[in-house]
Amino acid sequence: MRSEAQATVTVGLDESDVGAALHDACSRLVWDATDHALCLLTPDGQVAAWNPGAEQLTGYPAAAVVGRSFAYGDTPEEGIAALAAARQTGRCETEGWWPRHDGSRFRARTVIVAIRDGATVLGFAQVIRDATLHEEAGGQFEAIALILDLALSTMSQGLCLFDADRQVRLVNQRFFQMFTAAAGRDLIGTPIEALWALVFAGPEADGQTGAALLAGHEAVLGSGETVVAEMPDGRAIAVVRRGIPAGALVVTFEDVTRQRQAEREITRLAHHDALTGLANRATLWRRLHEDAADEACPAGTALLFLDLDGFKAVNDDLGHQAGDALLRQVAERLLRALPEAGLAARFGGDEFALLLPGSAGDLAVSLAEGLLIELARPYAIEGQRPRRVTASIGIAFAEEGGTTPDAMLRRADCALYAAKGAGKAAWRPFTPELETERSDEERLEQDLRHAIAAGQLAVAYQPIIGLAHGAVNAREALLRWTHPERGPISPRRFIPLAEKSDLIRVLGLWVLDQACRDAAAWPEPARLCVNVSVRQLGDGSLPQAVSEILARTGLPPRRLELEITETVLTNITDGIVDDLHLLHAMGVRISLDDFGVGFSSLSRLRAFPFDRIKLDASFVRDAVGRPECRAIVGVVAELGRRLGIETVAEGVETPAQLAVVHEEGFTEAQGYLFGRAVPTAPAAAPAACAAGA
């Protein structure tokens with residue numbers, strides 16, 4: 001009977017969820033019910049808690065019973081014998097007469113279960129039913145007692161029950177496992193202040209210390225919120241307090257150290273580059289604004305933009321892992337050369353920036369000259385011969401008359417373009433003459449505006465693999481541009497140009513139309529994933545356009561999945577939310593792309609109808625060798641499971657990375673391990689790739 005009850009309670013739950021689920025089950029089935037009576041007893045037989053069902057069944061209010069000795073049957077000896085039997089065997093089931101407050105009696109069926117910590121009896125749980133009215137309910141009656149027993153003994157949280165005098169009456173086994181200082185102690189009767197001192201300050205702390213600690217937590221606990229307390233050993237413990245009848249309290253303790261570490265890592269990565277540990281673009285931008293007074297950077301401030309020459313060849317010849325190793329070494333060299341007051345940042349790819357605030361800007365020229373030498377030294381890459389790259393550097397200085405952060409960025413970029421145009425491996429300062437020249441960015445934008453009509457654009461498709469079976473579940477549409485003079489242009493370069501103007505709307509609809517036409521002709525019903533910019537959302541035009549394209553191409557809505565970058569979560573407007581819900585209502589799926597690199601709050605996920613989360617490749621790439629990155633992978637997989645959202649790991653390039661994302665619970669994966677983007681989908685579905693390969 002016991003094994004069956006346990007199986008029924010725990011089916012479908014992992015270990016971390018069992019305690020919480022059982023605790024909720026107890027609350028619903030026992031404390032909130034009125035068709036059965038429950039009381040909790042201390043080891044010496046005093047009533048510690050008396051639920052509303054007990055009040056209704058016996059007529060005795062909790063205030064009249066709690067703290068009194070347990071009584072059962074016609075004589076005190078019957079109650080003593082029942083407790084002794086439960087203490088010896090763990091369980092005692094009896095049937096006899098119980099008194100009511102009005103003087104009447106009823107035939108009661110009672111189950112008493114001993115609550116144990118090893119060999120120590122911590123107390124008893126007693127369930128009473130009116131046998132004259134509920135003969136048929138014996139199975140449910142027994143199950144309630146088993147659920148209570150199981151809940152206290154297997155829940156993942158430590159639990160303490162305090163009586164109305166705020167003294168300990170029951171403690172579960174998990175509590176002693178969590179707090180070694182309490183191991184072997186008899187805590188029954190311990191005041192809450194003394195227990196707080198023992199748990200949060202150590203065995204040498206006194207009640208006064210505990211009272212001070214408790215006072216610091218009272219405001220939050222009293223409002224029903226969770227307190228997360230830092231332990232002396234570095235752990236983080238989440239504490240929740242709930243009131244129960246007769247003025248008693250239940251306090252639960254949960255170890256949330258791993259979750260807190262993951263949250264801190266997510267916060268850190270929101271402000272730093274995941275690969276190199278340097279600040280990211282947003283952090284550099286914020287620092288520029290923080291240093292600026294009246295929108296003007298301090299005179300003499302210098303901003304250096306760096307771009308590696310020859311990095312693409314290393315990446316193409318040796319692969320991304322070798323390229324990443326080289327970028328990490330570049331970051332180390334930049335940090336070694338950087339003055340103490342400076343800030344080093346990675347903008348993405350092989351682009352870096354150095355900020356020298358105020359008077360530190362005087363070092364900019366000597367720093368640039370030294371970096372040209374330092375960055376040109378050979379880079380040791382495991383298993384490969386040393387490789388060399390050089391750097392081009394552009395420098396902008398804040399002027400006395402006032403230079404805005406925007407101007408600093410623009411001028412540094414202009415100077416970098418001049419340095420690259422000078423033959424690379426050089427540095428150039430910004431001059432007013434450079435600003436009058438047509439920048440490379442402006443030329444590219446103009447060329448991009450004519451690229452569609454000129455037939456220079458194409459759509460390529462990269463497969464997304466289902467990890468459960470290894471087959472192709474979807475293909476992501478990726479825009480490609482072959483310039484008639486420059487050759488292939490990286491999307492990392494031309495997509496940001498389009499994002500700055502209305503050009504992204506034109507390109508986005510062109511890609512959507514072309515991709516839907518192609519997907520409608522695929523031999524297998526794989527999903528089509530198309531990226532959508534936040535600039536395409538908010539005015540109702542995208543849902544209308546999608547509806548027309550689907551009707552025109554014949555692609556079923558369920559096969560289309562629109563990928564929204566995480567930046568959409570920082571731009572929540574009614575229009576954006578409405579557009580996404582309209583698309584979702586049409587049957588179109590919505591996924592969150594590049595998750596983990598933005599600045600969004602997890603709570604904002606609830607505002608959007610996402611079907612999938614795509615974890616950014618930077619986390620996947622380092623998940624094999626860096627435990628903190630693997631922890632992020634696991635947190636995102638768990639987040640997806642709890643929200644009922646599928647999860648996709650981007651940038652999977654090695655079998656080891658595939659094994660990690662599969663073990664952590666991702667449902668799909670995408671990356672060079674399964675194939676690069678190709679102009680059209682194959683005529684037949686490719687052979688399945690085993691998830692564990």
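# A walk through the model

Start by selecting strands 3 and 4 (residues 105-117 for strand 4): they run antiparallel, and 9 bridges join them. Strands here are DSSP runs of E with at least two residues, helices are DSSP runs of H or I with at least four residues, and both are numbered from the N terminus. Two strands pair if DSSP finds at least two bridges between them.

Before you go on, a word about what's on screen. This is a predicted model, where local features need pLDDT of at least 70 and side-chain atom pairs count only at pLDDT 80 or more, while totals for chains, interfaces and linings use all residues. Residues are numbered from 1 along each chain as its sequence is written, and side-chain values use heavy atoms, with hydrogens and water left out.

**Stop 1**

Click on Pro-99 and look across to strand 4, where its bridge partner is Arg-105.

A contact, by the way, means heavy atoms within 4.5 Å.

**Stop 2**

Select residues 158-162, which make up strand 6: 5 of its 5 residues are buried. Buried means under 20% relative accessible area, exposed means over 50%, and partly exposed is in between (1.4 Å probe, protein chains only). Both faces are covered, with Gly-158, Cys-160 and Phe-162 on one side and Leu-159 and Leu-161 on the other.

What does strand 6 pair with? Strand 10 (residues 249-255) is antiparallel to it and joined by 5 bridges; look for Gly-158 and its partner Phe-253. Strand 7 (residues 168-171) is also antiparallel to strand 6, with 3 bridges, and there Leu-161 has Leu-170 as its partner. Strands 6 and 7 form a hairpin with 5 residues between them, and in the turn you'll find Arg-166, with a positive phi of about 60°.

**Stop 1: helix 13 meets helix 14**

Now show helix 13 (residues 320-337) and helix 14 (residues 364-374), whose axes come within 11 Å and cross at roughly 145°. Color Arg-333, Leu-334, Arg-336 and Ala-337 of helix 13, plus Leu-367, Leu-371 and Glu-374 of helix 14, to see the residues that make the contact.

While you're in helix 13, zoom in on Gln-329. Is Gln-329 buried or exposed? Gln-329 counts as buried because its relative accessibility is 18%. A polar atom of its side chain lies 2.7 Å from the backbone oxygen of Ala-380.

**Stop 2: Thr-654**

Finish at Thr-654, in the loop between strand 23 (646-649) and helix 24 (655-664). With a relative accessible area of 15%, Thr-654 is buried. Leaving out residues up to four places away in sequence, Thr-654 touches Gln-321 and Leu-673.

Conventions
Axes fitted to C-alpha atoms, helices over the stretch in contact; angles between N-to-C directions. Polar contact = N/O pair within 3.5 Å; in protein donor to acceptor, adjacent residues only side chain to side chain.
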